[in-house]
Amino acid sequence: MTNKELMLKFYDEVFNGWDTSHLDQFVRPDYIQHNPTVEDGLEGFTKFIEFFTSMKPHVDIIRCDEVGDMVYVFFKCTMGNGMINKVVDMYRIEDGKLAEHWDVVEHDVAAKMAAGKNSHGIF
């Protein structure tokens, strides 16, 4: 499985399927997290993802690419309450598992989409 295929499977099963039962198949125990609101390690990631999936997110992947051991995923994340976020996640993959993560999140973009000054759209 390529790193890109790994990420697409991870997003489908975990983010859209809300299945956190086998995170250890995707995430290294020594996972490094660069988002300051999430703890390092598999245990820290598990706490975050269980909270996140409780909000019933749906991810529409706009783009996913890999270069070597790095994979990025650009997506629209619609939360169960209707809030839409624009997100770019970057992961370093090691031995077929997520080893390190960075992200950029633009929260609640609906108003920004409606007030756009061009016709390109936010996604």
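Start with the largest pocket, which has a volume of about 430 Å³; a pocket here is an open set of points on a 1 Å grid over the protein atoms alone, where a 1.4 Å probe fits, with protein on both sides within 12 Å along at least five of seven lines, and its volume is the space filled by probe spheres set on the points, which are joined across faces, edges and corners. The model is predicted, so that local features need pLDDT of at least 70 and side-chain atom pairs count only at pLDDT 80 or more, while totals for chains, interfaces and linings use all residues. Residues are numbered from 1 along each chain as its sequence is written, and side-chain values use heavy atoms, with hydrogens and water left out.

Select Asn35, Phe48, Phe52, Asp103 and Val105, which lie nearest the centre of the pocket among the 24 residues that line it, lining residues being those with an atom within 4 Å of a point. The lining divides into 15 nonpolar, seven polar and two charged residues, where Ala, Val, Leu, Ile, Met, Phe, Trp, Tyr, Cys and Pro count as nonpolar, Asp, Glu, Lys and Arg as charged, and the others, Gly among them, as polar.

Next, select helix α1 (residues 3-16) and helix α2 (residues 41-53), whose axes come within 10 Å and cross at roughly 60°; axes are lines fitted to C-alpha atoms over the stretch in contact, with angles from 0 to 180 degrees between N-to-C directions, and helices are DSSP runs of H or I with at least four residues, strands runs of E with at least two, numbered from the N terminus. On the α1 side the contact (heavy atoms within 4.5 Å) is made by Phe10, Val14 and Phe15, and on the α2 side by Phe45, Ile49, Phe52 and Thr53.

Staying with α1, colour its buried residues, Asn3, Leu6, Met7, Phe10, Tyr11, Val14 and Phe15, where buried means under 20% relative accessible area, exposed over 50% and partly exposed in between, with a 1.4 Å probe and protein chains only. Their cover includes α2, β2 (58-67), β3, β4 and β5. Just after this helix, Trp18 takes a positive phi of about 55°.

In α2, the buried residues are Gly41, Gly44, Phe45, Thr46, Ile49, Phe52 and Thr53, and what covers them includes α1, β1 and β3.

Finally, go to Lys117 in the segment after α3 (110-114), where the residue is exposed, with a relative accessible area of 84%.
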